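Hello,

Here is the structure I promised to hand over. Please look through it first; my notes follow below.

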Amino acid sequence: MILGIDVGGTHTDAVLIEGRDVLEKIKVPTNSDDLGGSLLEVAEQLLGPVGSRYPDRVVFSTTISTNAIVQDAVSTVGMILANGPGIPPSRITTDKNARFVSGYVNHRGISVVPVDRREVEIIAEGFHKKGITAIGVAGKFSTRNQRLELDIEEIAGSRFSHVSLGHRMSGNLNFPRRVATTYLNAAVWDIYRKFIEVVNAFINRFGKRFPVYILKADGGTLEINRSADYPVQTILSGPAASVMGILSLADCVDDAVALDIGGTTTDIALFADGVPLLEPRGLTIGKYKTLIRGLRTQSIGIGGDSAVRFENGGFVIGPHRLGPAAAFGGPAPTPTDAMIVLGLTSPDDRRKAETALEPLAAQAGISLESAAQEIFDETCRHIARAVTAMIERVNAQPVYTIHELLEGKVLRPAVLHVVGGPAQPMAPRIAEYLNCRAEIPPHAEVANAVGAALARTTTELTVLADTEEKTLTIVEEGIRIPISAGFTREEAADICLDRLRERALSMGARTEDLELEITEDQSFNMVRGFYTAGRNIRIKAQVKPGLITGVERGDPSCTQ
Amino acid sequence: MHSVKRTGLIFFPAFDWAISPTHPEREERLLYTQDQVFEEGLLDFENILEYKPGLAGQDDINRVHICVPEASAICTESHLISAGGAITAADKVLRGDVDNAFALVRPPGHHAMRVVHGARGFCNINIEAVMVEYIRRHYGHRKIAIVDTDCHHGDGSQDIFWHDPDTLYISVHQDGRTLYPGTGFPNETGGPNARGYTLNIPLPPETSEEGFLFALDNLILPVLEDFKPDIIINSAGQDNHYSDPITNMNFTAQGYAILTDRLKPHIAVLEGGYSVETALPYINVGIILAMAGIDYSFVKEPDYNPAALRQDPEVTAYIERLVPALYDQWRQRGSLKASSDIGTFERRSRSIYYDTDNIHEEQIESVRICDDCGGVVTIDSMASTGNRIFAVIVPGRACAACRREGEALFAATKSGDVYRYVYLQDRDRDVFTRK
């Protein structure tokens, strides 16, 4: 039995799943003043009084970290940054407590200038005197050699209750994003820690341990206590819950488009061969571009309640929502009103919808029905255009080998999966514009909670080997070990997969869900003076985002 | 202060292509550049836009080259992509999507001449030249300047534009007496109809920032001001760097960034540069920042030491004599033009060696002396591969007389016993024929 809960901006969805059946589902308004409390309240409702039901696992998707960042209700963080040569420090987004220090590592992970102990001590002392309790440490190319960040931690760390280290956030290159990610992680650490305490106290009441997982932005889960030091991974898990929900409710094995049409916005996601696409460089939250691995989703300002106006000879839909549809007492005509007039959706008050649309029809000089049809078509066309543009952007993404350029995957979605209020009337029309087939998963109103419940634990790992330097680096774990000059790419791949398996298990993965894949596999001869001096090997592997085993894709019994 | 520009970046490191495993032109070449560009977060800057390269077509190649026996035999996919990358850069700039663009692509092209029997100087086809003629064909720009800052003389680019008064080709390079390909002397100034529009600036070994920037400020920039090109292209070779393993100059990442900042090319195209680990990452970041109008003063090599790179006074004195002399030569270019003998042909005979593919070529090139256009050109070329060909090139904006001559010569020359193939490249009408 699995309990899945998604705390969204407006609603909290919860489901209880047993084997292949959804036993119970509820949807309640979210209390944004007490996110932790409302989450546990819902859990309690579904699990019943203590002692009546024990779930095998509980999965939460929560906006605790996201809200703290968006509302700027975060801790003050001291940042110690080793930027080395390159872009000017003024181009790095940090808050006011950022200090740049000497010391840097080059692109091969070779230490060029060591850390200046005295300089770091003075800065740390200054932060400490200011009452700062959490710091972030990030160095340029620290993913190539973690020594510099570890040295700074060793010199400064004892004065603070938390230190976020850049290389632990992601194995990917991008110093400005590493700085932002490290900052955010340290900034929400305390708030998130308190949330975990609340959750742990709740579970303790049951007298019996059961694992609790948190949904991450990449559509994977992480055991909650393992997430304590990496709260930044849990931001923006909402769209991930929705995408994983569609994945579990729909028969999605090919290239596909997923749409979640809401009142104000429509979220678009894409699947390649049934696997959701990830944001290539990392997620963006507010002004922060980060290295957080997350699903590639796009939100556009159009939905069932978008305000409609007539402008320059045509109907303009959104991006603003002035309230609910006119038929439901709202102030402005909306696509929902047009659908009511067309008889595509059951009217609450058809007369109100007609009254709201009449001035627009008069402006356009056409009949009420024609105006409704045109508004409906334009709404669908608008969404279809955004989907097409997103697919084009994905296909135009640069690649760096001749093989990929000539033979690379081209995304050609043939199916459109739609969830959300106006899914039923709009899906066929949008699909028509996109020249693909529309599918609406049944009982999609709790898709987010189902998605959270059935998502598997994911993680990734980067291994770099430099046979000239005779060093192997396991990036995200901060480990460097010696290797022989004859070390091969195959050995590096084996180590990467072994370590990834261990890492995933320690994060709460079940052995049967470990679908591992190598996502980057490069080996370059390093030639110096016309002789091969060594090999530069780069391997990246991941647990593929997906569902836990035992749940078939699109299994209708999951949607009872 | 710098003014921010929208800069297009076409980055194609071709991680699966090499001339041979230990050749300088190998998979590893742009690896550390990619690392540095990614780690600096350059692709996140809102005014730096990355684009995927397109593929050049056979017609794009045939507009510039006479490939023997044909383009598909000379160009592999890698060449079509790097030429395509240069074309993409041009498209983005000329359609107004960006203010300028950098094609950070490989393999390079500036040693590829008009007739191509194989690879020389790591180059098969001349990607800038392909781009220049593409621009003329699709956007109609006439006056184009190429400033070649590769350490090696761009003998291929010089050859292709030798007779074209609409293309100003300026090459600044290490003196040909000390480096491949051994050409690019001040007296190489262009054919009889384009005298002066080839400008070679050979600098002595161990020229530093000081010398390069002196030549830029006192010669290249004033000449560009006189010529008033519609478009400035930089053949951005990076082997003048002090750490380059196959050259002897003392230029730096800061120097390249300052040069780019002052030259303000519309399009930069990577050429050579083989200090892949200690120079290229920093030079390329410097060039990208300079093009985008972002502060590049923090870009420095880890071992950068201006004192150690200070220019020898003798080198300085040499450059200070050379530069004004070359500027005078440029200003007197009108008097260099052949004014008599209009309608006659001027010939030159050359031996060309293809070092990369070990091919020898003997070539006789003739140009019709003409006051009204670049002049019709014929080439009789015999290579050690056994191929002998004859080519007629009708220039862009060809005059009626040159067109008549060219068409007649093509009609009169038969393929078969003497010439394996006879080619007509009609640049004016964009027609390419082989018989």
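**Chain B: two domains**

The C-alpha centres of domain 1 and domain 2 of chain B lie 27 Å apart. Domain 1 covers 7-334 and domain 2 covers 345-434 of chain B; these bounds come from an automatic or database domain assignment. The two domains touch: 23 residues of domain 1 of chain B are in contact with 30 of domain 2 of chain B. Contact here puts the C-beta atoms, placed from the backbone, within 7 Å.

**How to read it**

This is a predicted model: local features need pLDDT of at least 70, side-chain atom pairs count only at pLDDT 80 or more, and totals for chains, interfaces and linings use all residues. Residues are numbered from 1 along each chain as its sequence is written, while chains are lettered from A and ligands numbered from 1 in the order in which they are written.

**Chain A**

Chain A has 14 helices and 27 strands. These are DSSP runs, numbered from the N terminus: helices are H or I, at least four residues, and strands are E, at least two. The C-alpha atoms of chain A fill a box of roughly 75 × 60 × 45 Å along the principal axes. Among contacts in chain A between residues at least 6 apart in sequence, 65% join residues at least 24 apart.

**Where A meets B**

In chain A, 35 residues are in contact with 35 residues of chain B. Elements giving two or more residues to that side of chain A include α6 (175-204) and β27 (531-543). β26(A) gives the most, with 5 residues.

Best wishes
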